[in-house]
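Below is a short briefing on one protein chain.

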Amino acid sequence: MALWALVSAVGLAVDDRVLVGAPIWAKPFKFFVSFAAYGLTLAWMLAQTTWGRRTGWWAGNVVVVTSLVEMVIITGQVIRGKRSHFNAETPFDETLYTVMGLTIVVLWAATLVIAVLLLRTPLADRATAWAIRGGVLIALVGAAVGFLMAQPTAEQRAAGNLDTADVIGAHSVGVPDGGPAMPLTGWSTTGGDLRIPHFVGMHALQLIPLFLIVLVLLAPRIARLCDAELRLRLVRVVTAGYAGLVALTTWQALRGQPLIHPDAATLIAAGVLLAAVAAGVWAALRTAPEPVSVHPVSVHTETEPASDSKEFTA
């Protein structure tokens with residue numbers, strides 16, 4: 001995946017073709033990078049398991065194979081100058097898209113097996129256990145948002161030609177794919193975009209464990225973070241807040257609303273979520289014990305008078 005991400009980057013530089021309003025090599029580049037991060041993270045998580053190791057090995061390899069099948073099709077369609085997702089233009093394109101759908105379902109199921117193994121594996125550090133399990137479960141929800149994109153849109157249903165349509169399904173809600181979009185991400189700026197909760201949710205797999213890693217790295221500088229219970233509380237708060245963010249972005253997208261143009265209801269919901277997370281962090285810090293400071297202690301030798309004693313600092 002990492003190697004082909006580099007190849008796709010070259011494609012972005014030398015191939016000026018545009019497909020559905022975006023550089024044609026942008027999709028494989030983003031997918032290769034995403035799958036590389038996904039595979040590395042799952043491999044690290046599987047290394048933590050002590051139960052069902054053989055099952056985990058099989059599940060991990062299923063993730064690898066299905067990811068490769070997905071990327072072979074995406075890259076092949078780019079070479080042909082065709083879109084890979086939602087393409088029903090010809091029987092061949094439709095078959096490829098069907099295969100992609102099946103591989104993603106199998107990949108999702110294999111990730112679910114890994115999640116079950118992680119839920120059943122006892123981990124010594126409770127904060128680590130919470131970060132890993134919360135991250136993989138939210139990632140499963142984020143991945144499941146992708147299944148909503150495969151459904152015919154309201155406009156496609158209203159047209160009443162699903163049997164003969166060239167495109168079935170879409171990333172955007174309320175507007176056609178390929179319209180005005182944000183730079184780099186390609187997310188719609190005129191309608192809802194289900195890729196946003198899909199992206200946010202799937203990357204909980206990396207971001208929540210990374211949050212805990214940052215806490216551990218800061219512990220030598222911030223004494224309170226040496227408390228394992230405080231780290232656990234903070235990870236719980238962040239995990240709950242992250243789940244709320246996935247729910248919020250999904251709700252916003254399904255209402256056909258661009259990420260960068262939220263309405264009053266979205267802003268109020270975002271404010272409530274932010275306030276809840278801030279309150280959770282404050283409560284976690286408030287209940288954490290204060291760090292104990294150690295002061296120098298003078299110790300006098302017993303063989304000499306106190307007035308002539310030598311002092312040793314402990």
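What pLDDT does the protein chain average? The chain of this predicted model averages 91, where pLDDT is the predictor's confidence in each residue, from 0 to 100, and 91% of the residues score at least 70. In residues 294-314 the pLDDT is below 50; beyond near neighbours in sequence, this stretch has 20 contacts in the model (contact: heavy atoms within 4.5 Å).

Basis of the values

- Residues are numbered from 1 along each chain as its sequence is written, and side-chain values use heavy atoms, with hydrogens and water left out.
- As this is a predicted model, local features need pLDDT of at least 70 and side-chain atom pairs count only at pLDDT 80 or more, while totals for chains, interfaces and linings use all residues.

Helix α10

- Helix α10 covers residues 264-287, 24 residues in total, and its first and last C-alpha are 34 Å apart, close to the 34 Å expected at 1.5 Å a residue.
- Asp-263 caps the N-terminal end of α10, with a side-chain oxygen 3.3 Å from the backbone nitrogen of Ala-265.
- Thr-266, Leu-273, Gly-280 and Ala-284 are the buried residues of α10 (buried: under 20% relative accessible area, 1.4 Å probe, protein chains only).
- Their cover includes α9 (228-254).

Asn-87

- Asn-87 sits in the loop between α3 (53-80) and α4 (91-120).
- Asn-87 counts as buried because its relative accessibility is 2%.
- A polar atom of the Asn-87 side chain lies 2.8 Å from the backbone oxygen of Arg-83, and the Asn-87 side chain also reaches the backbone nitrogen of Glu-89 at 2.9 Å.
- Leaving aside neighbours within four places in sequence, the contacts of Asn-87 include Gln-77, Tyr-97 and Asp-166.

Conventions: Helix = DSSP H or I, 4+ residues; strand = E, 2+ residues; numbered from the N terminus. Expected span 1.5 Å × (residues − 1). Buried < 20%, exposed > 50% of the residue type's maximum accessible area, 1.4 Å probe, protein only. Polar contact = N/O pair within 3.5 Å; in protein donor to acceptor, adjacent residues only side chain to side chain.
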